[in-house]
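Let's take a walk through a protein model together. Have a look at the picture first, then read on.

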Amino acid sequence: MRFPDYSSFAKEYSQTRPSYPSELFSYLASLLDRRTLAWDCATGNGQAALELARYFERVIATDISAEQLRHSVPHPRITYRVAQAEQSGLDGQSVDLLTVATALHWFDLDRFYSEACRVVRSGGVLAVWTYHVGYVEPPFNEAVERFYRDVVSPYFAPGARLVDDRYEGITLPGDAVDAGEYFASASWNLGRKRCQEPLFTTRVRSTEHMSHSIS
């Protein structure tokens, strides 16, 4: 599957990309007895990497787009690198937590899983999540759902179907950990009215004990 190139609007991407719930990162950090290195794969502009830096001594944030990384926010504990998800260049058994925020659906899954098993230490965690179309209150909800379903959805790349399924059909390597469900909201200023709307639902499927190979 071809990973889309967001380089041409990386600046706009950095200004409008949703952030992720802080509770999610706190939970992921709590699963580990060591927090030396986190790898945020397909980091984009580093939204997830910045949250990870609150908990880990080092964060390596990779993306295939140098332009995306150019618009990331510098942080003393984050190293940004251009690298493919399937070929990270990281040392074997070196990663405590591997995160993929709203990007797994673009990967070559078999190759990425092999790379994850190579770099994540025994007892480490792989966590992937995605958000979906926003939930808004009536009467706008029907219009938003119809616009997504009937107008724009037919033009999406095939990988977007995995997002529609909330990643439920994806099988991850390792032992499943029940990570629950997370929510976030955004505040939009529409003229003189400020609206607070639920923005996305995040579901996490994380795994541990990643040292075995994929059959």
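## The main core

The largest nonpolar core has 24 residues. A nonpolar core here is a set of buried Ala, Val, Leu, Ile, Met, Phe, Trp, Tyr and Cys residues joined through side-chain atoms within 4.5 Å, and buried means under 20% relative accessible area (1.4 Å probe, protein chains only). Leu98, Val100, Leu104, Phe107 and Phe112 have the most contacts inside this core. At least two residues each come from β1, β4, α5 and β5, with α5 giving the largest share, four residues. These helices (H or I, at least four residues) and strands (E, at least two) are DSSP runs, numbered from the N terminus.

There's also a second, separate core of 21 residues, and Ala38, Ala61, Leu97 and Tyr182 are among them.

## What kind of model is this?

This is a predicted model, where local features need pLDDT of at least 70 and side-chain atom pairs count only at pLDDT 80 or more, while totals for chains, interfaces and linings use all residues. Residues are numbered from 1 along each chain as its sequence is written, and side-chain values use heavy atoms, leaving out hydrogens and water.

The predictor's confidence in each residue, pLDDT, goes from 0 to 100. Its mean over the chain is 80, and 76% of the residues reach 70 or more. Over residues 192-215, though, pLDDT stays under 50.

## Helix α5

Helix α5 covers residues 109-119, and its buried residues are Phe112, Tyr113, Glu115, Ala116, Cys117 and Val119. β1 (37-41), β4 (95-101) and β5 (120-130) are among the elements covering them.

Which residues does Phe112 touch, leaving aside neighbours within four places in sequence? Counting a contact as heavy atoms within 4.5 Å, the list is Trp39, Cys41, Ala85, Glu86, Leu98, Val100, Leu104, Phe107 and Leu126.

## Strand β1

Strands pair if DSSP finds at least two bridges between them. β1 runs parallel to β2 (residues 58-63), with five bridges, and parallel to β4, with four. Asp40 sits opposite Ala61 in β2, and Cys41 has Val100 in β4 as its bridge partner.

Cys41 is buried at a relative accessible area of 1%, and Cys117 is buried at 7%. How many disulfides turn up in the whole structure? Zero, with a disulfide taken as a pair of cysteine sulfur atoms within 2.5 Å.

Thr43 lies in the loop between β1 and α3 (47-52), and is buried too, at 6%.

How values were computed:
Buried < 20%, exposed > 50% of the residue type's maximum accessible area, 1.4 Å probe, protein only.
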